[in-house]
Amino acid sequence: LVRAVQQLFPGRELDLVAVNHWQTAIDTHQLNHPGVRHFCADLEHLKPRDAVPGGVLDILLAAPSCTYHSRARGGRPVYDQMRMDPWHVVRWCTDLRVYRVIVENVPEFVKWGPCDVRTGKPIKSREGEYFRAWLTALKNIGCRGEWKVLCCADYGDATTRERFFYYGV
């Protein structure tokens, strides 16, 4: 992906930043992309201006935690606060001047809504409520975008797994 982004801006030196809370992911990415500035941090605690001192970002590529949205959890209870990572995308877009936003997640992300405090399960009647609020927040800060659920195999991947993608400018 880093190489693909660099091809979008030929002849231009890009300042690329990678953030992940897992040191192994940072170490692996750093081996493959030594020219990228890496931060091993939780987005909840990393200030966007610390990662991007100039305050301008060409592309924000985000993959908020999908664990508590995924059907792979098998209907087990979830903790509502653990599902709030996508709001960091809005925070980065308000703290920085971001020209393009790409978000990837599981298809169930579009059903993101509040959970019942007693059962820890999503409230069916409020399905998608947080997702729509998140899209509205991005729109309200000037990000015009669209989202789709795509089959990875249609784009050359070896899996037929479906993924959610949002692209905004």
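The protein has five helices and six strands, counted as DSSP runs numbered from the N terminus (helices are H or I of at least four residues, strands are E of at least two). Along the sequence these run α-β-α-β-α-β-α-β-α-β-β. With a radius of gyration of 17 Å, close to the 15 Å that the globule rule gives for 169 residues, the protein is as compact as a globular protein of that length; the radius is taken over C-alpha atoms, and the rule is 2.2 Å times the number of residues to the power 0.38. This is a predicted model, with local features needing pLDDT of at least 70 and side-chain atom pairs counting only at pLDDT 80 or more, while totals for chains, interfaces and linings use all residues. Residues are numbered from 1 along each chain as its sequence is written, and side-chain values use heavy atoms, with hydrogens and water left out.

As for overall dimensions, the C-alpha atoms fill a box of roughly 50 × 35 × 30 Å along the principal axes. Buried residues account for 37% of the 169, where buried means under 20% relative accessible area, exposed over 50% and partly exposed in between (1.4 Å probe, protein chains only). Of the contacts (heavy atoms within 4.5 Å) between residues at least 6 apart in sequence, 57% join residues at least 24 apart.

Now to the inside. In soluble globular proteins, nonpolar side chains tend to be buried together. A nonpolar core here is a set of buried Ala, Val, Leu, Ile, Met, Phe, Trp, Tyr and Cys residues joined through side-chain atoms within 4.5 Å. The largest one holds 24 residues, and V89, W92, V101, V103, W134 and Y166 touch the most other members. At least two residues of this core come from each of β3, α4, β4, α5 and β6 (162–168). Leaving aside residues up to four places away in sequence, V101 touches L60, V89, C93, C143, Y166, Y167 and G168.

H88, one of the residues in α4, has a relative accessible area of 13%, so it counts as buried. Beyond residues up to four places away in sequence, H88 touches L43 and E44.
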